Amino acid sequence: MSATDDTERRIARFTLRILEKEGPDAVSMRRIAKMARITPMAIYHHYANREVLLRHVVDKEFAQLLDYVRNTPPSGEFEADMIHIMDAYIDYALARPHIFDY
């Protein structure tokens, strides 16, 4: 793992932490930089802007939800499988409302 990869993961992790607890309006490059112990300008080396950073974090979270749904063995009954997918989607939305809303 390179230092660049580690820095990107830390930036994403702190962004996700703020987003989950306080919503997208609370996410600022300065705040993330302070938490990651880097300069705010260093974030722009990894992400073009705040919107790109937020989109990256949210896309990664939704990819995890999709992986969960894909890795659940189908029951063989269409209706049961659809209910399972919808339940997972609703559970995710309720557990992580700020990410879901964003």
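Guide: Contact here means heavy atoms within 4.5 Å. The model is predicted.

Visitor: OK, what does Phe 62 touch, leaving out residues up to four places away in sequence?

Guide: Phe 62 touches Tyr 92, Ile 99 and Phe 100.

Visitor: Where is Phe 62 placed?

Guide: Phe 62 belongs to helix H4, which covers residues 50–71.

Visitor: Is Phe 62 buried or partly exposed?

Guide: Phe 62 has a relative accessible area of 27%. Buried means under 20% and exposed over 50%, so Phe 62 counts as partly exposed.

Visitor: How far apart are Phe 62 and Ala 3?

Guide: They are 59 residues apart in sequence, and 26 Å apart in space from C-alpha to C-alpha.

Visitor: Back to H4. At what angle does H4 cross H5?

Guide: Roughly 150°, and the axes of H4 and H5 (residues 78–95) come within 10 Å. That makes H4 roughly antiparallel to H5. The crossing is right-handed.

Visitor: Which residues meet there?

Guide: From H4, Glu 61, Phe 62, Leu 65, Tyr 68 and Val 69; from H5, His 84, Ile 85, Ala 88, Tyr 89 and Tyr 92. By class, the contact has eight nonpolar residues, one polar and one charged.

Visitor: New topic. Where is Thr 7 found?

Guide: Thr 7 sits in helix H1, residues 3–22.

Visitor: And why is Thr 7 called buried?

Guide: Because its relative accessible area is 15%, and the cut-off for buried is under 20%.

Visitor: What does Thr 7 touch, again skipping residues up to four places away in sequence?

Guide: Thr 7 touches Ile 38 and His 46.

How values were computed
Residues numbered from 1 in each chain as written. Predicted model: local features only at pLDDT ≥ 70, side-chain atom pairs only at ≥ 80, totals over all residues. Heavy atoms only, no water. Helix = DSSP H or I, 4+ residues; strand = E, 2+ residues; numbered from the N terminus. Buried < 20%, exposed > 50% of the residue type's maximum accessible area, 1.4 Å probe, protein only. Axes fitted to C-alpha atoms, helices over the stretch in contact; angles between N-to-C directions. Parallel < 35°, antiparallel > 145°, perpendicular 65-115°, else oblique. Left-handed = near helix turned anticlockwise from the far one by under 90°. Nonpolar A, V, L, I, M, F, W, Y, C, P; charged D, E, K, R; others polar.
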